[in-house]
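Please look over the structure shown here before reading the briefing. The points that follow are grouped by topic.

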Amino acid sequence: MKINLEENLYLTGKRKSKSDLQFSLKRNRRKHIALRNAGKGLAFILPSFAGVCIFWLIPYVDVIRRSFCGAVNGEFIGLENYRTIFENKAFRLAAGNTLRFFGVCVPLLVVLSLIVAVLLTGQKRFAQVLKSFFLLPMAIPVASVVLLWRLLFGNQGLWNHLLHILSVQTTDWMNTGASFYVLVISYIWRNLGYDVVLWMAGLSAIPAALYEAAKVDGAGEWKCFTKITLPKLLPSLFTIVVLSILNAFKVFREAYLVAGDYPQEKMYLLQHLFNNWYRDLSLDKMSAAAVVIGMMIFLLILGLWKAWGRDRTE
């Protein structure tokens with residue numbers, strides 16, 4: 001739009017100069033372009049957002065609603081469902097086993113994968129071959145993993161056969177407290193390569209000039225690791241911990257295929273409980289438990305985010 005500069009009168013008590021008017025026109029033009037581009041972006045996002053609302057957001061809101069209602073009549077009963085699940089021994093057992101599993105597996109996986117990633121980063125000759133070797137368990141189907149479990153840890157499995165050769169008493173590993181550690185080994189074996197790749201991506205983003213400068217100043221390998229490597233890996237640490245927690249829920253598949261609905265009590269996880277409640281159509285208890293678990297995961301990730309942000313600012 002063409003503007004006659006001489007006919008522009010006073011806008012804020014001052015006559016606008018030619019440069020001010022040109023700047024204002026450019027700013028308005030940029031705003032118009034930004035709004036038009038934003039409209040195009042919203043048009044592209046809208047189908048995906050609609051899918052998220054229909055298949056995730058609205059169902060989850062409905063789950064929250066059901067957690068305060070009865071399963072049969074749908075009447076509002078307040079916190080009765082929450083009181084019921086916390087008094088349920090099966091829920092307490094499953095929640096305790098799941099928290100214990102997370103507390104053991106996630107730190108162990110994060111530390112082991114970091115050590116392996118650092119060693120592979122220093123290994124220039126066979127790095128790609130070793131990386132593929134660690135990623136191989138992720139390509140194995142779950143059914144094959146179950147067969148491997150039975151082959152190794154069954155009552156007549158290879159491990160018991162080795163103990164028998166060594167004149168050591170054999171154990172039915174899947175029907176004792178040791179089944180929990182079999183679950184831990186399976187989780188770490190299957191997810192180690194995934195976390196190693198994530199750590200190696202973070203390590204590759206650290207400039208080599210930082211290590212060179214530190215070594216010129218007399219810093220050793222351990223000093224470089226604690227003062228350069230670890231601080232630079234904080235963003236990767238947050239991502240890896242969150243993904244490790246989410247992947248820990250998937251270990252239920254192997255445990256369910258091996259031991260069914262009611263495994264040895266050390267392997268009885270929240271997913272087993274949910275599966276049994278779903279079969280019994282106990283939707284009220286399932287909804288209340290899902291809300292509790294969702295809030296716990298949200299608070300855990302929020303705490304990790306806050307801790308990560310605090311470390312970044314210090």
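## Briefing on the structure

Leaving aside neighbours within four places in sequence, H272 is in contact with F252, A255, Y256, G260, D261, P263 and M267. The model is a predicted one.

**H272**

- H272 belongs to helix α12, which covers residues 270-279.
- The relative accessible area of H272 is 1%, so this residue counts as buried, the cut-off being under 20%.
- Among the contacts of H272 is F252.

**T170**

- T170 sits in a loop, with α6 (158-165) on one side and α7 (179-204) on the other.
- The relative accessibility of T170 is 35%, and T170 therefore counts as partly exposed.
- When residues up to four places away in sequence are not counted, T170 touches N160, L163 and H164.
- T170 and Q156 are 14 residues apart along the chain, and their C-alpha atoms are separated by 9.2 Å.

**S236**

- Helix α10 is the place of S236.
- S236 has a relative accessibility of 16% and so counts as buried, because the cut-off is under 20%.
- S236 touches L198, W199 and G202, again with residues up to four places away in sequence not counted.

**Nonpolar cores**

- How many residues does the largest nonpolar core have? This core has 44 residues, and those with the most contacts inside it are F101, W149, M174, L183, Y187, V196 and W199.
- Two or more residues of this core come from each of α3 (89-122), α5 (142-153), α7, α9 (221-232), α10 (234-248) and α11 (252-259).
- The element that gives the most to this core is α7, with 11 residues.
- V196 is in contact with S113, V116, A117 and L120, leaving aside its neighbours within four places in sequence.

**Largest pocket**

- The volume of the largest pocket is about 490 Å³.
- The largest pocket is lined by 14 residues, and the closest to its centre are V118, T121, Y211, E221 and T229.
- The elements α3, α8 (208-216) and α9 give two or more residues to the lining of the largest pocket.
- Seven nonpolar, three polar and four charged residues make up the lining of the largest pocket.

**Second largest pocket**

- The volume of the second largest pocket is about 310 Å³.
- There are 17 residues in the lining of the second largest pocket, and L99, F102, M296, I297 and L300 lie nearest its centre.
- At least two residues of this lining are supplied by each of α3, α10 and α13 (283-313).
- Which element gives the most to the lining of the second largest pocket? That element is α3, with seven residues.
- The lining of the second largest pocket divides into 16 nonpolar residues, one polar residue and no charged residues.

How values were computed
Residues are numbered from 1 along each chain as its sequence is written. This is a predicted model: local features need pLDDT of at least 70, side-chain atom pairs count only at pLDDT 80 or more; totals for chains, interfaces and linings use all residues. Side-chain values use heavy atoms; hydrogens and water are left out. Helices (H or I, at least four residues) and strands (E, at least two) are DSSP runs, numbered from the N terminus. Buried means under 20% relative accessible area, exposed over 50%, partly exposed in between (1.4 Å probe, protein chains only). Contact means heavy atoms within 4.5 Å. A nonpolar core is a set of buried Ala, Val, Leu, Ile, Met, Phe, Trp, Tyr and Cys residues joined through side-chain atoms within 4.5 Å. On a 1 Å grid over the protein atoms alone, a cavity is a set of points where a 1.4 Å probe fits but cannot get out, and a pocket is an open set with protein on both sides within 12 Å along at least five of seven lines; lining residues have an atom within 4 Å of a point. Grid points are joined across faces, edges and corners, and a volume is the space filled by probe spheres set on the points. Ala, Val, Leu, Ile, Met, Phe, Trp, Tyr, Cys and Pro count as nonpolar, Asp, Glu, Lys and Arg as charged, and the others, Gly among them, as polar.
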